[in-house]
Amino acid sequence: MKRTFPWTRVGFAALVLVSLGLGSWGLALDTDHQPGRTWYDVVYQGLQLFVMGADPASGGGELSWQLQVARFLAPGTAVYALFEAARVLFTGELRRMRDRRARGHAVVVGQTDAADTVTAALEAAGHRVLRAADATGLLDAGLPGATVLYACGDDSTDATANVLTVAEAEEAVRRAGSGPTRLYAHVSDPDLGVALQARHLSCAEPGVDFFTLDVIAAQALAAREVRHLLDAPGGPGPLTRVAVVGSGEFAKALVVGLAREWELAGDGVRLAVDLMADDAVAVVESLRARWSPVAEKIELRAAPALGRGSHGRPDLVYVCDADEGTSLRVALTVTNLWHGGPGSLVLLLDGLAGLTRAFGTEASRVLDDLDGRLRTVTMRDLLADVEREEARAHADMYERIARSVHHVYLRNQRERGVGWGEVPAMVRWEDLPEDLRASNRGWVVGLPARLARMGATIAPRDGAPEVVFEGEELDRLAEAEHELWESVRVAQGWRTGPVRDDAAKVHPMIGVPWSQLPPENQEKDRDVVRLLPEILAEFGLEVVRYERNPVPELAVEV
């Protein structure tokens with residue numbers, strides 16, 4: 001960052017010296033006749049000029065020009081110094097008053113790397129961000145006028161620290177009657193984060209979410225990389241090989257993200273992922289058990305010895321060890337990772353983000369990027385990769401599950417031979433019309449009520465046998481699916497009519513009881529219910545029953 005020369009400070013220091021010099025000079029001339037006068041007296045009286053207290057100057061009369069100038073210049077300098085001191089003193093208070101009245105901004109709580117990363121991502125997207133050190137500073141950060149709050153404090157010793165901050169913020173918003181509609185708590189422990197998401201997802205109140213920065217950034221990287229592969233001229237080859245170096249939270253989340261995104265690659269296109277780490281075998285087994293996309297969508301294999309044990313030369317290598325120094329050393333020393341094409345070696349640098357500039361353009365770089373093979377990414381770049389009109393650094397849980405619902409729809413339609421763009425919904429989530437996105441979000445919001453009918457809820461996936469809905473229970477949930485679909489469409493302005501017309505918002509199935517739907521439409525609703533465990537499994541969640549054999553008359557009717 002370019003620094004400006006401190007002209008103001010230099011000028012002020014010059015005025016002080018000139019005032020003191022001229023004053024001492026003039027006093028020395030005008031008091032030369034006084035008996036016993038010493039240079040100490042002259043300097044002392046010169047200093048008194050700044051507070052208009054030097055006797056020879058205050059008496060008036062014939063004075064030397066040096067003293068005449070000094071007796072006006074010195075008090076002026078003192079007044080300027082007082083003004084600057086007052087300005088500095090009150091600037092902070094004025095800023096706090098202004099911030100309290102701010103509107104439409106984001107609030108980031110905490111003094112951590114996570115808080116800095118979220119702040120940088122929001123500011124890169126053009127949003128104003130106000131910071132608070134902890135929950136006590138929420139009012140000074142303009143909480144009542146904010147649109148979103150991110151609690152990113154240090155939760156290394158207290159895992160619930162940010163959850164409590166969000167709870168306090170929610171209470172403050174409720175009392176004030178205004179404030180952010182979205183409250184996000186950073187949870188460093190991904191397992192705890194999934195558990196918190198499950199409990200909040202079960203209360204059907206969008207607006208609060210729990211996130212892990214490593215997971216969000218890894219998902220963003222996976223989405224970007226897979227989309228680039230799928231959209232490349234000619235598409236991906238029959239087999240794409242990827243190596244992930246590391247077994248930390250980012251590396252594990254990247255594997256899960258690649259598996260989830262790869263489901264749209266189509267038939268006959270496979271993704272093989274080699275996880276390279278000392279504990280690769282245990283991590284691979286854990287990922288397969290916890291995340292169904294990992295077990296079903298990709299070929300994940302363990303390569304315990306770094307650089308050995310992989311099955312063929314990888315097309316892409318992601319180096320993301322939990323220790324960034326280790327990542328850098330691996331990327332620059334393990335030469336058998338350098339055999340891919342341009343951009344094939346991806347190095348995650350977050351704490352060492354400043355180092356990315358060293359691998360810059362030909363005109364500015366100071367380190368070789370292996371002839372274009374080495375790419376560096378940071379979490380800040382990944383969070384800012386998607387531009388959002390509203391001040392958010394990531395999509396919340398409801399949005400992500402709604403997107404997954406749409407992905408399942410796309411996959412099933414492609415398996416039935418429906419091509420991209422043949423119907424309005426056959427586009428990626430980013431290109432989906434807002435009313436169809438809202439329909440998917442409504443499906444997620446209504447999920448807890450539908451599960452409550454069956455005496456069930458949502459919990460973190462633990463490898464137990466999945467709940468299977470069948471028979472009368474399946475039909476009851478399918479009927480609820482139809483009712484939810486109809487309510488969302490009616491709220492969007494759709495109406496019934498003999499022929500479907502998306503432009504006019506007309507659909508023949510609106511107002512038709514589920515029992516009277518054509519068999520193919522009933523089966524479509526049953527398919528949604530059958531796919532529920534699969535959709536939740538993509539997020540490490542599952543359906544669990546409160547009782548193994550719920551009593552129908554005790555089921556909660558909504």
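Trainee: What makes up the count of helices and strands in the protein chain?

Mentor: The protein chain has 18 helices and 15 strands. Helices (H or I, at least four residues) and strands (E, at least two) are DSSP runs, numbered from the N terminus. This is a predicted model, in which local features need pLDDT of at least 70, side-chain atom pairs count only at pLDDT 80 or more, and totals for chains, interfaces and linings use all residues. Residues are numbered from 1 along each chain as its sequence is written, and side-chain values use heavy atoms, with hydrogens and water left out.

Trainee: What is the average pLDDT of the protein chain?

Mentor: The average is 80, and 86% of the residues score at least 70. pLDDT is the predictor's confidence in each residue, from 0 to 100. Over residues 549–558 the pLDDT is below 50, and this stretch has 9 contacts in the model beyond near neighbours in sequence. Contact means heavy atoms within 4.5 Å. Where pLDDT is low, the predicted coordinates should not be read in detail.

Trainee: How do you know what span to expect for α1?

Mentor: The expected span of a helix is 1.5 Å times one less than its number of residues. For the 24 residues of α1 that gives 34 Å, and the end C-alpha atoms are 34 Å apart, so the two agree.

Trainee: Why is G153 called buried?

Mentor: Buried means under 20% relative accessible area, exposed over 50%, and partly exposed in between (1.4 Å probe, protein chains only). G153 has 18% relative accessibility, so G153 counts as buried. G153 sits in the loop between β3 (148–151) and α6 (161–176). Setting aside residues up to four places away in sequence, G153 touches V109, G110, T112 and N162. Between G153 and A114 the C-alpha distance is 7.8 Å, although they are 39 residues apart in sequence.

Trainee: What makes the nonpolar patch a patch, and which residues form the patch?

Mentor: Patches are made of residues with over 30% relative accessible area and no salt bridge; like charges are joined within 9 Å, nonpolar side chains (Val, Leu, Ile, Met, Phe, Trp, Tyr) within 5 Å. A salt bridge is a side-chain nitrogen of Lys or Arg within 4 Å of a carboxyl oxygen of Asp or Glu. W25, L29, W65 and V69 form this one on the surface, with about 440 Å² of accessible area together. Accessible areas come from the Shrake-Rupley method with a 1.4 Å probe; for residues, only the protein chains shown count as cover. At least two residues of the patch come from each of α1 (7–30) and α4 (65–100).

Trainee: Why is K505 called partly exposed?

Mentor: K505 has 29% relative accessibility, so K505 counts as partly exposed. K505 is in the loop between β13 (495–496) and β14 (506–507).
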